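Please read these notes with the structure open beside you. They go point by point, from contacts to the sheet and then to the helices.

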Amino acid sequence: MSFKNKQELDIALKIACVKKDFRLKKAAKAYNIDVFSDHFNRIRDLVPQAATHLERVGFHRWSRAFFPGNRYNIMMTNIAESVNSMFLDEREYPITALFDAINRRFVEKFHERRMKFINAPTIFVPSIEKDIAKNINLGNKLLVHQTAKYNYIVTGQDEVTTVDLLAKSCICKVFDIDKVPCPHAMAALRCQYGDDYGRRIYEYSSSYYSVEVYLIAYVEEIKPVPSEETWEVPIEILERKISSPFVEPGKVGRRSSKRHKGIGESFSTKKNKCSLCKRIGHKRTTCSERNVA
C-alpha cells in the first residue's frame, strides 16, 4: 500500500491500532450490515479519523457485508504474495530454470490434492463437513415456528431470524453468502424434513464444496516443457528484438529480495543467542565476554 502524504500514513497507523482490538477484522468479516455497523461504530468511537478514511475508501472494497459479489471467504486479494512465498529460493534462478521449478511445483500440488480426496468417504470436503456438523449442533438448540410452506421463524438467545428455504436465504446472511445452511437454516430443515433432513442439507448447499467438484479442479495434468530442440517457434518471434530491462539510474547495491512490512504488519523475528554467554540479542562475534574467554 502506498500513501500520498503523511496524513494518510497517520490514518493507516491509527487503523493498525484498531486492528489490535480486532474491530477492523470483525467489521470486514461481518455477514450482516447490522453487525458490521456495531463494529464500525466502535471504530468510529476509538479512531474517528480512521473511520472517515475507511468510509472514503468505500465499504464495498474491504467488507463482506457490502461486497456486491461473493468473496467465498477469501478476504485478501493479493494472490501474488501467496504464490511468491512458494518460490523464495527459486526466484534467484535463471528464467528458464525458474519456469521449470514453477512447473514442477504445480505438478506436485495438483497431484497431492488429487490424491488427498480421491477416496474421500464424505460428500463434501472435510472443512465444510466440519462446518455442517457445527451448524447442526447449534441448530438443535434453536426453536422453530413455521409460517409458510418453506418459511420459518427461528428463535435463539436474544435473537429472532427468518429463514426462506426456497430462496436459500436467512436474515443473518451466512446461508446466502457461504451457500451452506447456517444454524438457523439447519433448525428450519430439521422441522421441514424431520429425520431425513441430514441428507437434505447437501441439496441446500453449493455443489462447489463437494469432493467430486474439488477433484475436477485438479484433474487436468500439467505437462512438462519439452526440450528446446523440439520447439516450433514462428519466424516473427525469432526475429523480434527484445530490449534490455529498465534499470533505475542512480540506484546502487544488491536488489532487495525480501518483502517490506506494510503498515501495522509485523514479521516474526528469531533473536540470536550467544554461544559464549548464552544471552539473547547478540552473536559470539560481538559478545563482550569474547576477549575474556
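This is a predicted model: local features need pLDDT of at least 70, side-chain atom pairs count only at pLDDT 80 or more; totals for chains, interfaces and linings use all residues.

1. Contact here means heavy atoms within 4.5 Å.

2. Residues are numbered from 1 along each chain as its sequence is written, and side-chain values use heavy atoms, leaving out hydrogens and water.

3. Leu165 is also among the residues with the most contacts inside the largest nonpolar core, together with Ile132, Val163 and Leu189. A nonpolar core is a set of buried Ala, Val, Leu, Ile, Met, Phe, Trp, Tyr and Cys residues joined through side-chain atoms within 4.5 Å; buried means under 20% relative accessible area, with a 1.4 Å probe and protein chains only. This core has 27 residues. At least two of its residues come from each of helix 8 (126-139), strand 2, helix 10 (183-193) and helix 12 (211-217). Helix 10 supplies the largest share, 6 residues. Helices (H or I, at least four residues) and strands (E, at least two) are DSSP runs, numbered from the N terminus.

4. A second, separate core has 11 residues, including Leu24, Ile43, Leu54 and Trp62.

5. Two strands pair if DSSP finds at least two bridges between them.

6. Strand 1 (residues 143-146) is joined to strand 2 (residues 151-156) by 4 bridges, and a hairpin of 4 residues links the two. In this pair, leucine 143 stands opposite threonine 155. Strand 3 (residues 159-164) pairs with strand 4 over 2 bridges, again antiparallel. There, valine 163 lies opposite cysteine 170; Val163 was named above for its contacts in the core.

7. Helix 8 packs on helix 10 at an angle of about 70°, with the axes 8 Å apart. Helix 8 is therefore roughly perpendicular to helix 10, a term for angles of 65 to 115 degrees. Axes are lines fitted to C-alpha atoms over the stretch in contact, and angles run from 0 to 180 degrees between N-to-C directions. On the helix 8 side, Ile132, Asn135, Ile136, Leu138 and Gly139 meet Pro183, Met186, Ala187 and Arg190 of helix 10.

How values were computed
Buried means under 20% relative accessible area, exposed over 50%, partly exposed in between (1.4 Å probe, protein chains only). Angles under 35 degrees count as roughly parallel, over 145 as roughly antiparallel, 65 to 115 as roughly perpendicular and the rest as oblique.
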